[in-house]
Amino acid sequence: MSEENVNGNAASADNTGPAFTVEKIYVKDVSFEVPGGPAIFNEQAQPQLQMNLNQSVQRLNENAFEVVLGITLTCTASDKTLYVAEVKQAGVFGLVGFDAQTLDAMLGTHCPNVLYPYTRQLISDLIQAGGFPPFYLQPINFDALYAEGLRQRAAQQQSGLADAETAGNA
């Protein structure tokens, strides 16, 4: 009877389901520039902010992925650049037991959600250390961004199929 329990326990241990782990979070690249300093601190115009957000994923091995969340924040006033803050926050994530669609969603939504608070804090610290008033990035809905990306990919595939059908009929 004890052998049956051992075999039963071994079978259940192998079938624990999907697992997500955060292996490492680190700053991959950081840059802060004040190209017009110190004269730029006398600017009285209303500052304008432009944010560029990007993400990349690299498979490290069968179950490990590096996800890099990049944010570039450019602040201008009167057509002069006050500062440029660029941060690439990275993480190594373990993802085991997910189907392809769920894995893609985890890498596109869950991992950036883990990295964003670190990115947000680092950008805020850089801006304040650069001599500017504190600035806090607003929350980002990575689920909505991911859904929009899926919609755009589907539209491109539909467009590609329509072009292929036309070419085949010509």
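Guide: First, a definition: two strands pair if DSSP finds at least two bridges between them. Helices (H or I, at least four residues) and strands (E, at least two) are DSSP runs, numbered from the N terminus. With that, β2 and β3 form a hairpin with four residues between them.

Visitor: Wait, what kind of model is this, and how are residues numbered?
Guide: This is a predicted model, where local features need pLDDT of at least 70, side-chain atom pairs count only at pLDDT 80 or more, and totals for chains, interfaces and linings use all residues. Residues are numbered from 1 along each chain as its sequence is written, and side-chain values use heavy atoms, with hydrogens and water left out.

Visitor: OK. How many helices and strands does the protein chain have?
Guide: Three helices and four strands. The order along the sequence is α-β-β-β-β-α-α.

Visitor: What does S78 do in the hairpin of β3 and β4?
Guide: S78 takes a positive phi near 50 degrees. That hairpin has two residues between the strands.

Visitor: Is β3 largely enclosed or open?
Guide: Twelve of its 14 residues are buried, so β3 is largely enclosed by the rest of the structure. The cut-offs: buried means under 20% relative accessible area, exposed over 50%, partly exposed in between (1.4 Å probe, protein chains only).

Visitor: What about the protein chain overall, how much counts as buried?
Guide: 26% of the 170 residues. The chain exposes about 10900 Å², and carbon and sulfur atoms supply 50% of that area. Accessible areas come from the Shrake-Rupley method with a 1.4 Å probe; for residues, only the protein chains shown count as cover.

Visitor: What share of the contacts comes from residues 24 or more positions apart?
Guide: 70% of the contacts with a separation of 6 or more. Contact here means heavy atoms within 4.5 Å.

Visitor: Now the charges. How many salt bridges?
Guide: Three. The rule asks for a side-chain nitrogen of Lys or Arg within 4 Å of a carboxyl oxygen of Asp or Glu.

Visitor: Which residue does K28 meet?
Guide: E66, at 2.8 Å, N to O. K28 is in strand β1 (residues 19-33) and E66 is in strand β3 (residues 64-77), so the pair links distant parts of the chain, 38 residues apart.

Visitor: Is E66 buried or exposed?
Guide: Buried, at 7% relative accessibility. K28 is partly exposed, at 45%.

Visitor: Which residue pairs with D104?
Guide: R153, with N to O at 3.5 Å. D104 lies in helix α2 (residues 100-129) and R153 in helix α3 (residues 142-169). They are 49 residues apart, another link between distant parts of the chain. D104 is partly exposed at 30%, and R153 is partly exposed at 40%.

Visitor: And the partner of R151?
Guide: E148, with the closest N and O atoms 2.6 Å apart. Both residues sit in helix α3, three residues apart, so about one helical turn separates them. R151 is partly exposed at 48%. E148 is partly exposed too, at 33%.
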